[in-house]
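Subject: Two-chain model, handover and findings

Hello,

Here is the structure I said I would pass on. My notes on it follow below the files.

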Amino acid sequence: MSTPTRPWGPLAAQTRAEVRMTLRRGESVLLTMAIPVGLLVFFSLVDVLPKPTGIRHPVDFLAPGILALAVMSTAMVGLGIATGFERQYGVLKRLRTTPLGRPALLGAKTLSILAVEAFQVAVLVVVALLLGWSPAGAPLQAVPAIALATIGFAGLGLLMAGALRAEVTLAAANGLYLVLLLLGGMVFPLSSLPAGIRAVARALPSGALSDALHAALSAGGTVPLRSWLVLAAWAVAAPAAAAVTFRWE
Amino acid sequence: MAFPAHATSLGDASPHHRHPTLRSQVVAEIDVEELEVRYGPTVAVDRLSLQAHAGAVLVLLGPNGAGKTSTVEAMEGYRVPASGRVRVLGLDPRRDHRALSARIGVMLQRGGIYPTMPAGEALGLFAKYYPAPAEPIALLDRVGLTAAARTPWRRLSGGEQQRLSLALAMVGQPEVVFLDEPTAGVDPEGRLAIRAIVAELRDRGVCVVLTTHELDEAERLADRIVIVDRGRVVAEGSPAALMTGFGGDHIRFGAPPGIDASAMAGAVGAAVGGQAAVTAREDRPGEYVVDVPPTPQAVAALTAWLAERDLPLADLRAGRERLEDVFLRLTRSGARPDADAPAARRGRR
């Protein structure tokens, strides 16, 4: 009797609102677009960073890594900070008394992340191609890798947003972003890291995603089983931890 | 006279005479029985019972920390009652949350809106959540925010934010509306606008539950007032009934402290010749209240008694007690019977 006539109406409206709000936030545009594009362009043109053996053009190494960085920015940092402030401002509390419902809210956030990611990937691929990138391998494997990583990163973002004060979430998400960027094999290869740190880095979602994308987008590449396992483990553990600890007020 | 320790009902402000054709039977839209809300060891709401009806404004009035918000949040489904029973439109606010959410409107004490979202967009978005929403553009106009449609929430003034909040609570065409301190931080003009909208909701048959710690607001808006203090109902009734029922008519005046109030009351009582004994008390040093209708005879007897004793008289006021007097007396610490004190202190938040 209280069933909406168009069950997808609320979800669609909320998704549009989430995307609009993301685009409206200057810092999130910086984080999701300017930093990845800037890193990609700068280090492709200024060949100062180490590259794995067999890679001739920096962009061939950078492009998959920067795609991984973009996914992490949107799914973990952007989502975490936005949700943290929504919690602090009482938006989440207020939404609980509307018929929107938790599944539709989470669904809208998921869809808006996917939309922003699709946009990021499109822009980054075009920029990388202009810089001379020649992708190879099995690009279709990149899709499930990005999907799994998105779930894991989103879980980490919500874990922070649901337990910490918004300002602390802001700092923690940005701090974690930097750590995962440096240990993620995104701008320089994991092989440049000391062996002990390298093992840790490969167990992190950022390292696993960039490994997976490097493998999927390089000649003859196929994503190693280890990467799948790490990505899947984070995709289960992080959202589960967030679900248990999340406080709505 | 001691005031009753338990909730006392004074007169019936039943709304049903407003819409005799709408409701033939008396069914409360909101029914709260013996509600208890705890935060750890703290009791915020202490066995509180109340009812609210369609087409009427119920005002929960009480000092800050009295348990008003906790009571409302139990009705909205945010709080789990430690004991007692809450029904809104016959439904359990937590168990039947999904079904209920489309039929209620909520205005939180503050915030609750995306800070960067323009007013018009927020109203349009909320309208999409509900199965049968009001027309957002007309509603925005009704709350006087048409000019602010493109202004983000965080740049609206305090009064504009409250009016947008009110519009968001109304956009789903709810049967029950909860407004937690809707006029807090709102300028006089904004208050008038909010009061007019609340009256309109009531006239449309909506059950409105509103909290405030401002007496003026309660007196103007309420069909029925429930005075809450330390988590308990200390009095309830229509504004008029509350004022006449508690204290009623009296004469208030200033004179030197230490006058024999009972002798004075006796003299006035003898002159008036009523059935009930007249009482008098020294409210504050040098400030006296005689509980008697302020007839010329009573005033004459009083002034004559003072003149005989050569006592000066200052600031003589005759008339009905203001709601403020009732409120302050009922909620002032120590004003209530001692038997009530331990439970009350336990409930302090």
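A nonpolar core, as the term is used here, is a set of buried Ala, Val, Leu, Ile, Met, Phe, Trp, Tyr and Cys residues joined through C-beta atoms within 7 Å. Please keep in mind throughout that this is a predicted model.

Cores

The largest nonpolar core has 90 residues. The residues with the most contacts inside this core are Val59(B), Leu61(B), Ala122(B), Leu123(B), Ala167(B), Val208(B) and Val209(B). Helix H3 of chain B, residues 119-129, supplies the largest share of the core, seven residues. For Val59(B), the contacts beyond four places in sequence are Leu210(B), Thr212(B), Ala218(B), Leu221(B), Ala222(B) and Ile225(B). Another core, of 62 residues, lies apart from that one, and its members include Phe43(A), Leu124(A), Leu148(A) and Met160(A).

Where the chains meet

The contact between the chains draws on 20 residues of chain A and 22 residues of chain B. On the chain A side, the elements giving two or more residues are helix H1 (9-24) and helix H4 (91-96). H1(A) gives the most, with six residues. By type, the chain A side consists of nine nonpolar, seven polar and four charged residues.

Chain A

Gln14(A) is found in helix H1 of chain A. Is this residue buried or exposed? Gln14(A) has 22 C-beta neighbours inside 10 Å and therefore counts as buried, since the cut-off for a buried residue is 20 or more. Leaving out residues up to four places away in sequence, Gln14(A) touches Leu100(A), Ala104(A), Leu105(A) and Ala108(A). The C-alpha atom of Gln14(A) is separated by 9.7 Å from that of Leu111(A), a residue 97 places away along the chain.

Helix H3 (58-88) and helix H7 (166-182) of chain A have axes that come within 8 Å and cross at roughly 170°. An angle over 145 degrees counts as roughly antiparallel, so H3(A) and H7(A) are roughly antiparallel to each other. Among the residues that make the contact are Leu69(A), Met72(A), Met76(A) and Phe85(A) from H3(A), and Leu170(A), Ala173(A), Tyr177(A) and Leu181(A) from H7(A). The contact of H3(A) with H7(A) divides into 12 nonpolar, six polar and one charged residue.

Chain B

Three strands of chain B form an open antiparallel sheet in the order S3-S2-S5. Strand S3 (42-52) and strand S5 (83-88) of chain B are at the edges; each has a single partner strand, so one side of each is left without a neighbour in the sheet. On average, and ignoring direction, neighbouring strands of this sheet are turned by 25° against each other. Strand S2 of chain B, residues 30-39, pairs with S3(B) over seven bridges. One of the bridge pairs joins Ile30(B) to Ala52(B) in S3(B).

Strand S12 (279-284) and strand S13 (287-291) of chain B pair in the antiparallel sense over five bridges. Arg281(B) has Val289(B), in S13(B), as its bridge partner. The two strands form a hairpin with two residues between them, and Gly286(B) in the turn has a positive phi of about 85°.

Last, Arg204(B) sits in the loop between helix H6 (188-203) and strand S8 (207-212) of chain B. Arg204(B) counts as exposed because it has 12 C-beta neighbours inside 10 Å. Its C-alpha atom is separated by 6.6 Å from that of Gly55(B), 149 residues apart along the chain.

Regards

Technical notes:
Residues are numbered from 1 along each chain as its sequence is written. Chains are lettered from A and ligands numbered from 1 in the order in which they are written. This is a predicted model: local features need pLDDT of at least 70, side-chain atom pairs count only at pLDDT 80 or more; totals for chains, interfaces and linings use all residues. Two residues are in contact if their C-beta atoms, placed from the backbone, lie within 7 Å. Helices (H or I, at least four residues) and strands (E, at least two) are DSSP runs, numbered from the N terminus. Ala, Val, Leu, Ile, Met, Phe, Trp, Tyr, Cys and Pro count as nonpolar, Asp, Glu, Lys and Arg as charged, and the others, Gly among them, as polar. Two strands pair if DSSP finds at least two bridges between them. Axes are lines fitted to C-alpha atoms, for helices over the stretch in contact, and angles run from 0 to 180 degrees between N-to-C directions. Angles under 35 degrees count as roughly parallel, over 145 as roughly antiparallel, 65 to 115 as roughly perpendicular and the rest as oblique.
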